[in-house]
Amino acid sequence: MNQRKATTRMGGKFRSRHFGTQPFLAEALQRTGKEQPLAVYLGVASGEDRAFGTALALVIEGAGARQVRWPKLATKKPETAAARAALAEGDLVFVGGGDVYAGMQVLRDLDL
């Protein structure tokens, strides 16, 4: 039987302190049922922008994640094996904003 997992969608605000994730991110982390869930950040839509991804990882940890794994995929040498491992182990996947179509194409091209 295919079991669906809960999904939380957030429309963020780039210049806001928490990127528009409050209170939704904390609630999404709680839904995992883990005291300190492992989060996976996918920065494909922003082209793995370092400043944006680092800020989001801090927001995710601040909301209650014990760790945020960020495998870089929208690069010349995508970390596909690391992404597969993180996705298999992670309790929550956070897909950052940006060019959503380009980001989804990266995920399709890498069969993720």
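A nonpolar core is a set of buried Ala, Val, Leu, Ile, Met, Phe, Trp, Tyr and Cys residues joined through side-chain atoms within 4.5 Å. In this predicted model, the largest such core has 15 residues.

**Overall architecture**
- Read from the N terminus, the elements of the protein chain follow the order α-β-α-β-α-β-α.
- Among contacts in the protein chain with a separation of 6 or more, 72% join residues 24 or more positions apart.

**Surface and burial**
- The protein chain has 112 residues, and 32% of them count as buried.
- Its accessible surface is about 7,600 Å², and carbon and sulfur atoms account for 50% of that area.

**The largest nonpolar core**
- In soluble globular proteins, nonpolar side chains tend to be buried together.
- Within the core of 15 residues, those with the most contacts are Y41, I60, V68 and F94.
- Two or more residues of this core come from each of α1 (24-31), β1 (38-42), α2 (50-62) and β3 (92-95).
- The greatest contribution to this core is that of α2, which supplies five residues.

**Contacts of V68**
- Which residues does V68 contact, leaving aside its neighbours within four places in sequence?
- V68 is in contact with A39, Y41, A57, I60 and E61.
- Two of these partners, Y41 and I60, are also listed with V68 among the residues with the most contacts inside the largest core.

**A separate core**
- Another core, of eight residues, lies apart from the largest one.
- Its members include V44, A83, A86 and L107.

Conventions: Residues numbered from 1 in each chain as written. Predicted model: local features only at pLDDT ≥ 70, side-chain atom pairs only at ≥ 80, totals over all residues. Heavy atoms only, no water. Helix = DSSP H or I, 4+ residues; strand = E, 2+ residues; numbered from the N terminus. Buried < 20%, exposed > 50% of the residue type's maximum accessible area, 1.4 Å probe, protein only. Contact = heavy atoms within 4.5 Å. Areas by Shrake-Rupley, 256 points an atom, 1.4 Å probe, with all protein chains shown as cover.
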